[in-house]
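Hi there,

Here is the model I promised to pass on. Please have a look at it first, and then read my notes below.

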Amino acid sequence: MPIRHCIVHLIEKKPDGTPAVLHARDSELGESQAMENLLADLNESYNAKQGKAWGFFHEESGAYPFSGWLSQYMEGSQDFTAFSRQAVEHLQKLMEESNLSTGGHVLFAHYQQGMTDYLAIALLHHSEGVTVTESLDVAAARHLDLGQLHLATRINISEWQNNKQSKQYISFIKGKNGKKVSEYFRDFIGCQEGVDGPGETRTLLKAFSDFVENEDLPEEQAREKTSALVGYASSQAKIGEPVSLEELSGLIDEERPKAFYDHIRNKDYGMAPEFPADKRTLNQFRRFTGRAEGLSISFESHLLGSKIEYDEARDMLIIRQLPTQLVDQLKRRKD
């Protein structure tokens, strides 16, 4: 993961309406193993975050100047340090307007992954811990706590520059339950949401359930295809890459690699060819599990509505086409 440019600034700010104080670094950080480790850990933590939003830049304006500054940097009319200084000063002003905001170290990193250029911006905070010193004393130690990453964005610069129709080259942490604390950070980037990751993932799973039902697949094949879908989508989410419907279709059925893709297109589910998968939605799809008052039940969630039906009016759960092994177990128990 070659790091082209990297810098850290500090904004001191408490969530009480007090002014934000900027301590700006005047030169880039040099290459080091520590910097590479930090960026690798940041990417791992960022990819693992649930509830990210995806979108694209607002048209450049006085309210949303960030994309213009990024363009100037990419065109070479200003260097990375000057670009980051402009951006962090803008972030400082937005922080002052948001009483909920808290300061921290602001990391700007321009790096490459394969042939793709990315810009990562993250607000980092420290946590207090302990360490054992060389003299075997126990001492307090501060460290960056990437597990508490709440405000961060990653911009796919290559897609932004080369695919003018794209609406998903920016991702950012949206915040739990849509908290307003993250809105100023979204406005700082100048991002408008373009792709609904959770919504697209739910549509994908609905399309898959319809596909399995239409194909009338045996239970074992349905289970294998479910594992292929969830495994692929989860691994893409883990590395921060989108799900490709064509690639997924080939994984689900190697003998008929276009079958699932054609099913989606023919039924007109209105899905994008590529979209970011939502890990929380995938995990909910994998299994339904419930336990109460001595009863425990677990099944693959896509079976609900087909082989498993919940009749709310009669307060009944109906299971059809019981597997032979389960029938045998029930018969033995009855006897």
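D253 and K225 are both buried, where buried means under 20% relative accessible area, exposed means over 50%, and partly exposed is in between (1.4 Å probe, protein chains only). The two form a salt bridge whose closest N and O atoms are 4.0 Å apart; a salt bridge is counted when a side-chain nitrogen of Lys or Arg is within 4 Å of a carboxyl oxygen of Asp or Glu. This pair links distant parts of the chain, with D253 in the loop between helix 8 and helix 9 and K225 in helix 7 (residues 219–238), 28 residues apart. Helices (H or I, at least four residues) and strands (E, at least two) are DSSP runs, numbered from the N terminus.

Before going further, please keep in mind that this is a predicted model: local features need pLDDT of at least 70, side-chain atom pairs count only at pLDDT 80 or more, and totals for chains, interfaces and linings use all residues. Residues are numbered from 1 along each chain as its sequence is written, and side-chain values use heavy atoms, with hydrogens and water left out.

Back to the charged pairs. E246 and K258 also form a salt bridge, with the closest N and O atoms 2.7 Å apart. E246 lies in helix 8 and K258 in the loop between helix 8 and helix 9, so this pair ties together parts that are 12 residues apart in sequence. E246 counts as partly exposed because its relative accessibility is 44%, and K258 counts as partly exposed at 41%. Salt bridges that share partners also join E215, K225, D253 and R256 into one network.

Another salt bridge joins the side chains of E128 and R142 (3.1 Å, N to O). Here E128 is in strand 6 and R142 in strand 7, 14 residues apart, and the pair links distant parts of the chain. Both E128 and R142 are exposed. The structure holds 11 salt bridges.

How many disulfides does the structure hold? The count is 0, taking a disulfide as a pair of cysteine sulfur atoms within 2.5 Å. As for cysteines, C6 is buried at 2% relative accessibility, and C191 is buried at 2% as well.

Now to the confidence and the overall picture. The average pLDDT (the predictor's confidence in each residue, from 0 to 100) is 86, and 95% of the residues score at least 70. Among the elements, helix 2 (residues 66–75) has the highest mean pLDDT (96) and strand 13 (residues 288–292) the lowest (72). The protein has 11 helices and 16 strands, and its C-alpha trace spans about 80 × 55 × 40 Å along the principal axes. Of the 335 residues, 42% are buried.

Some buried spots are worth a look on screen. V88, found in helix 3 (residues 80–97), is buried because its relative accessibility is 0%. Not counting residues up to four places away in sequence, V88 touches H9, I11, L22, V106 and F108; contact means heavy atoms within 4.5 Å. V88 and T324 are 236 residues apart in sequence and 64 Å apart in space, C-alpha to C-alpha. In helix 9 (residues 259–267), the buried residues are A259, F260, Y261, H263 and I264, and their cover includes helix 6 (197–215) and helix 8 (245–252).

On the surface, L304, Y310, L317, I319, L322, L326 and L330 form a nonpolar patch with about 620 Å² of accessible area together. Patches are made of residues with over 30% relative accessible area and no salt bridge, with like charges joined within 9 Å and nonpolar side chains (Val, Leu, Ile, Met, Phe, Trp, Tyr) within 5 Å; accessible areas come from the Shrake-Rupley method with a 1.4 Å probe, and for residues only the protein chains shown count as cover. Strand 16 (316–319) and helix 11 (324–334) each supply at least two of the patch residues. Y310 sits in strand 15 (residues 308–311) and is partly exposed at 48% relative accessible area.

Finally, a backbone detail: D315, which is not a glycine, has a positive phi of about 55°. D315 is in the loop between strand 15 and strand 16 and is exposed, at 62% relative accessible area.

Best wishes
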